[in-house]
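Morning, everyone. Let's get the model up on the screen and walk through it.

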Amino acid sequence: MKRFIEDLNNLVGTANGFGDLVLSMAERSVYALNNLDADMARSVMDDYSQVDYMDGLIEDEALRILMLFQPMVSDMRVVAVILKTITYMERIGKYCHNVAKAVIYLSEKGVRRSYENISAMGDLAVDMVRMVTEAMKDRDISRFEEISAKDQKMDGLRDLVLTKAVEHMSRDPCCVDVCTYFISISKFFERMGDHACKTAEKITYMVNGKRVTYN
Amino acid sequence: MVIIMKNIIDIQNVNLWYGDHQALYDVSMPVQKNKVTALIGPSGCGKSTLIRSINRMNDLIDGCRVEGRMMFHGEDIYGPGTDVIKVRKKIGMIFQKPNPFPMSVRDNITYGPKIHGITDKDELEGIVEKSLREAALWDEVKDRLDKSAMALSGGQQQRLCIARTLSVSPEVILMDEPTSALDPIATSKIEDLITELVKEYTVVIVTHNMQQAARISDYTGFMYIGEMVEFDKTEKIFQSPSKEMTDRYISGRFG
């Protein structure tokens, strides 16, 4: 039992560290976008290999715990939810990587500033990822009350960005490539928000055993 | 918690004493027909006492006193005028250690029916085959019905005991840790058998094996120091029980 509790605590610790890494990537990708900072963007891209590695590491460790200890009730929920949420967090890390890659392209194109609404989407995405990484740590799910509203706001902004970008492109065909990249970035942030919602649903199940829908 | 269902047995506010020692405190639990109901809890929590009181096995213990109601088909098993022999025929029991009679396989099965007055040879033969088939033992013993039951393996002996219980056409089968003396393969056979048996019968099982309770039962009751701490659908008990104590016990943090 002692060994199980130690191993389980280590697993939770590693999963929390994984969340911190992804949150940091989200923050830095938004900073890189707002400042068209290619160096910062590169640091985010570099971190993705670590995300990929940790995803596999945590999965292996969770499977080993299932095999050795067959955890039950709340312990079972913790292990099962970690197995599930690392997939969402890995995806969020991948979207940060994609945002960073787009930022590098845009800065090379000489773009000097981002769209206001896209920056707002970035801030929302960071907020939502922070919500889930913190809830994973302190198991306080009350903060999820606002997550659906944030996700809806995200979808609204995404529509605005799309309309605006299409407008730009039809006026000035020269900016089609840049606009396309901005559209992609807005899509990445929207997806990050969705994955944060799914993660929040799983964390809620982990904490109280109840199935909820946040988006 | 309210579970509306068809109860073959309804245990209502049962208190039980062995002399001065109270072993059950105000225990209530429904047993639904054609379902497996599991009882879990640490040693000495009253699971065996409770299951044994369902067919009045505790009557055999001096100084045992029961209060409350133990309804079987709506009639109190402890009510005046209850035919205890009939109760035990309708509610059979399987124990931890297989306890076949030291006689042939066939005689083990026909013993009960004969006591209940069946003498026709063909009818008895029919009961032997039916009971052994239902207990998933027929193919293994059909060529050695006249050999001693004591020569069978532990797992076979336990299934023989189940067949012996089935021979008198019970409605409910109580099982008190039926697999704790068996190896994993024999255990798995008994578990498969239980899953088959509930199509025709109702099973109440006491087990120390949490995974076993989770695998085979429909409802689970968690007992602690003579009290029913929590009773609910097995899925709920093993995924997200209402009481923290249930969670702590099942996850192995105490007991």
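I'll take the chain contact, then a sheet, then a helix. Keep in mind that this is a predicted model.

Start with where chain A and chain B touch. Chain A puts in nine residues, and chain B puts in ten residues. What classes of residue are on chain A's side? Four are nonpolar, three polar and two charged.

Now the sheet in chain B. It is an open sheet of four strands. The order reads β2-β1-β4-β5, and the pairing is antiparallel. Which strands stand at the edges? β2, residues 21-32, and β5, residues 75-76, of chain B. Each has a single partner strand, so one side of each has no neighbour in the sheet.

Look at β1 and β4 of chain B next. β1 covers residues 7-18 and β4 covers residues 64-72. These two run antiparallel, and eight bridges join them. For a landmark, find B:D10: opposite it, in β4(B), stands B:M71.

Last, helix α6 of chain B, residues 154-166.

Is α6(B) mostly covered or mostly open? Mostly covered: twelve of its 13 residues are buried. Among them are B:G155, B:R159, B:C161, B:R164 and B:L166. And what covers them? In chain B, the cover includes strands β6 (91-94) and β7 (172-176). It also includes helices α3 (105-115), α4 (121-134), α5 (138-141) and α7 (184-197) of chain B.

That's my tour. Over to you.

Terms used. Residues numbered from 1 in each chain as written. Chains lettered and ligands numbered in written order. Predicted model: local features only at pLDDT ≥ 70, side-chain atom pairs only at ≥ 80, totals over all residues. Contact = placed C-beta atoms within 7 Å. Nonpolar A, V, L, I, M, F, W, Y, C, P; charged D, E, K, R; others polar. Pairing = 2+ DSSP bridges. Expected span 1.5 Å × (residues − 1). Buried ≥ 20, exposed ≤ 12 C-beta atoms within 10 Å, placed from the backbone.
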